[in-house]
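Trainee: I would like a close look at one part of this protein. Please start with the chain as a whole and then zoom in.

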Amino acid sequence: MKILDLRAYYGSNIYSYRPVVKMTLDLAPDGCRPTSELGDFNQRLLTLLPGLEEHHCSRRRPGGFVERLKEGTYLGHVVEHVALELCKLAGQEVFYGTTRQGAGETVYEVIFEYKSAPGALAAARAAVELVQALLEKKAVEVAELVERVRQAAEEEYGPSTRAILEAARKRKIPVLPLGGGFYQLGYGRYARRIAATITDRTSCTAVDLVQDKQLCNRLLADHGVPVPESAVARSAEEAVALAEKLGPPVVLKPVHGHHGQGVSLFVSGEAAVRRAYELASYYDSRVLVEKQVPGRQYRLLVVGGRLVAASLRLPPRVVGDGKRTIRELVDELNRDPRRGDGHGRPLSRIYLDAVALACLARQGFTPRDVPGKGQVVFLRDNANLSTGGAAVDVTEQVHPANVRLAARVARLTGLDVAGIDVVAGDIARPLEEQGGAIIEVNAAPGLRMHTHPVEGQPRDAGRAIVDELFPPGTPCRVPVVAVTGTNGKTTTTRMIGAILARAGLVVGMATSDGIYINGRRVLAGDTTGPVSARLVLSEPEIDVAVLETARGGILRAGLGYEGSDVGVVTNVSGDHLGQDGIETLEDLADVKSLVVETVRKNGFAVLNADDPHVLAMAGRVRGKIIYFSLVPDNIAVRRHLGAGGTAVFVKNRMLVVARGQQVRRLLPVRRLPSSLEGLARHNIQNALAAAAACVGLGVSPEHIRAGLESFHCNLEQNPGRLNILDVEGIRVVIDYAHNAAGYLSMVNVLRHFKGRLIGVIGVPGDRLDEQIKEVGRIAGSNFSALVIKEDAHRRGRQPGEVAALLREGALEGGMPPGKIRVVLPEGEAVLQALLMARTGETVAIFYEKLDTVMKAIHIFRARHQLSGGEKAGAGGREIFSR
């Protein structure tokens, strides 16, 4: 078997509304037989992974998958279930999976959901490895594969981050990964950001303050908070002197340190002080020497000034059995699957390092010794979880005075999330009564001791942080409008943005020419995919997001967001067929329908009632529907209104909004600048879609009207879409039409212009031959002359191949051969067409790169002016090659 492709989808996608991994797998040459013909394969598989016996599969009951194995199923299906089981064993339990035939007899697509993308990708690879090993009758170490999956998942985020993200998702708060351990909760102006338990409300001054243990102790002491007596040493001699002054035992620790690194407890005697100083000074040149406070170690978690969890922290220890050495007992503890390196699991691995050896020595032990049965041997003095400690929940036992003290300490240090370390004989008594003390305050405290105690009730500390960031009832997301379709997406998106800006909103907009924030382009390029959607939604100033959503992005990586408030489908026509498994218009509609399928239940799907493929999407919509139509008596619209629905359509050359039997005028078609007095019917349709989307958002008719009346198809508001320029007396029309439907829409406009029509035409090379020729036929039957160019990005075609197909189509459309010129570079083709045109004639340019077109126009103007208004000779190649 061979993995042909493996990718993670991070948002809703064509396979699931949940994040999934998709693996394209070739079973050849040895995996093409059903499991019923593979001898003892099934038995060996179930022996390795007995949990598979509980898988339901399509039978929807435990044991369903085993039944499929016995009946005979293909190995792609087996890989799917093995991957799901490996995820479960690694602590990433998921349930949804599907396997289907791919592009080829032996190719299968395996799809399954995930909680951690890196973990799921590792599970996919491990599943193939396991199944292949079974086929070849090789030994398989399942534990090793599970560990690989677990480690991959842990590398994405630790238990604290996981607890917060899971709490956010339970409250339906969207989550966006920002990279580097940072995550965004919510969208736009309502979004908050975290990095583990550091939030965007955690001030740098507070973090710096508590990281300086001496400064923090002094601040707390000045405010009457019980803290150990301490001072800073900068040499071993100073440390010895301070230890003598304070009286043994003492604690030595770096002034700046974390996770218990460099900390020595119960230090007595000059030699021990010097050794402890050397250890602490490795982490910081300043070493804090403080009086040892007797008692047990506790951690109090304060969030937003409120105690939400408390744990008794236990140092790592072993209990003797009279048979095994301390090292063997430690090895046994480390075999607990809850333990791992770092902070990724509920417990950390225990190491017999220099600190542990010193701790053992104080008790009279070495790792080779065998403690008596029931004898407790401590491996460390401190109880940090990062060094192998464990925790017991004591939240209900904390005395009210200690609760108030913890909240006060958090306020004094300025931390919104604080981990306060306390040493006391009993946390159920006030610290002042028992000589207890606050020994440390931690920014970014870990949550795993509270979420996964070894004893006591787990505490949902992640939920406490999420509730502090988003108090119940407060908004967490800005409205999201997603726009898709074959043609008109960009103009419709820009129209919606213009209307919402008129309503006083800060709009974040992703389009085919870039991302716009509050009307300014901040990122150029085709930004119609899921990454761009997430970039817009992570902009902190926006009130609303309008996202142009293209087919390619949906297929490659999904939507990039969890759901929209309004989803718009402008139309579905022949384009991109023959790509990515999309062979028919029905296939294309199926992909684009994802935009309306993921509209939230209280949102609106805006559908083109004049397009049968869009109309058919109505059955997939969970929310409400708003239809738009150029036809006043569209039967689907009439039925929808009869049922009390909403529609936007044209009636008596007037854009109207109807709800049930109530009809309200918006504005006359002639007052739509983008419609060119009604000539550009496709822009009337785009305006209807934009108006309908804004109706769904609750925008007032006045703002919708004002937005549409002020929207012009010029280079400022709608660059590259039906832009009409006067270039030295020549009418130049620039448009991005790149398929037959787009060309027909433009032809319907151009045929109303007087004089010759010269077309500069091209089509992306990844279209089918027949689609390219159809564009040529349309151009050949409607233009007076043609200049055929090619895109710079030929998308797999040979130079001149697309141009030849266009020329063939133009000849079939009736264009005389002498009226066709082939000039492959776009800039040279535009310049050639301008040089061919006379005053009053029209040059229509169907471009790939708008900047190239504008450069050609600039060159033409400059040459025209230099020649005193007379035509220069045809050419331009030498200018564009510079």
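Trainee: How far apart are the mean positions of the positive and negative charges of the protein chain? After that, please take me through strand β29 and what it pairs with.

Mentor: One caution before the numbers: this is a predicted model. The charges come first. The protein chain carries 110 positive and 98 negative charges, and their mean positions are 5 Å apart.

The chain has 882 residues, and 57% of them count as buried. Its secondary structure comes to 31 helices and 38 strands. Along the principal axes, the C-alpha atoms fill a box of roughly 105 × 70 × 65 Å. The chain exposes about 36700 Å², and carbon and sulfur atoms supply 50% of that area. Take the contacts between residues at least 6 apart in sequence: 66% of them join residues at least 24 apart.

Now to your strand. β29 covers residues 624-629. Five of its six residues are buried, so the strand is largely enclosed by the rest of the structure. The cut-off for buried is under 20% relative accessible area.

β29 has a partner in strand β28, residues 599-608. The two strands run parallel, and five bridges join them. Within this pair, Phe604 stands opposite Lys624 of β29.

Strand β30, residues 646-650, pairs with β29 as well. This pairing is also parallel, over four bridges. Here Phe628 stands opposite Val648 of β30.

How does the chain get from β29 to β30? Helix α23, residues 635-642, belongs to the unit that these strands form. Together, β29, α23 and β30 make a β-α-β unit, and it is right-handed.

For an antiparallel pair, look at strand β14, residues 306-314, and β19. Four bridges join them. The bridge partner of Leu312 in β19 is Val392. In a regular strand the side chains alternate between the two faces of the sheet. Strand β19, residues 390-393, is covered on both faces. Ala390 and Val392 are buried on one side, and Ala391 and Asp393 are buried on the other.

Helices can be enclosed too. Helix α29 spans residues 826-836. Eleven of its eleven residues are buried, so α29 is largely enclosed by the rest of the structure. Those buried residues include Glu826, Glu828 and Gln832, along with Val830, Leu831 and Met836.

Ser160 sits in helix α6, residues 159-170. Its relative accessible area is 10%, so Ser160 counts as buried. Leaving out residues up to four places away in sequence, Ser160 touches Thr197, Pro445, Gly446, Leu447 and Arg448. Glu332 lies in helix α11, residues 326-334. With a relative accessible area of 38%, Glu332 is partly exposed. Glu332 and Arg100 are 232 residues apart in sequence, and their C-alpha atoms are 44 Å apart.

Finish in a loop. Ser710 lies between α25 (701-709) and β33 (723-727). Leaving out residues up to four places away in sequence, Ser710 touches Arg502 and Gln717. Ser710 and Ile845 are 135 residues apart in sequence and 25 Å apart in space, C-alpha to C-alpha.

Back to your strand, in brief: β29 is largely enclosed, and it pairs in the parallel sense with β28 and with β30.

Terms used: Residues are numbered from 1 along each chain as its sequence is written. This is a predicted model: local features need pLDDT of at least 70, side-chain atom pairs count only at pLDDT 80 or more; totals for chains, interfaces and linings use all residues. Side-chain values use heavy atoms; hydrogens and water are left out. Buried means under 20% relative accessible area, exposed over 50%, partly exposed in between (1.4 Å probe, protein chains only). Two strands pair if DSSP finds at least two bridges between them. A crossover is right-handed if, with the strands pointing away from the viewer, the path from the first strand over the helix to the second runs clockwise. Contact means heavy atoms within 4.5 Å. Accessible areas come from the Shrake-Rupley method with a 1.4 Å probe; for residues, only the protein chains shown count as cover. Lys and Arg count as positive and Asp and Glu as negative; His and the chain ends are not counted. The place of a charge is taken as NZ of Lys, CZ of Arg, CG of Asp or CD of Glu.
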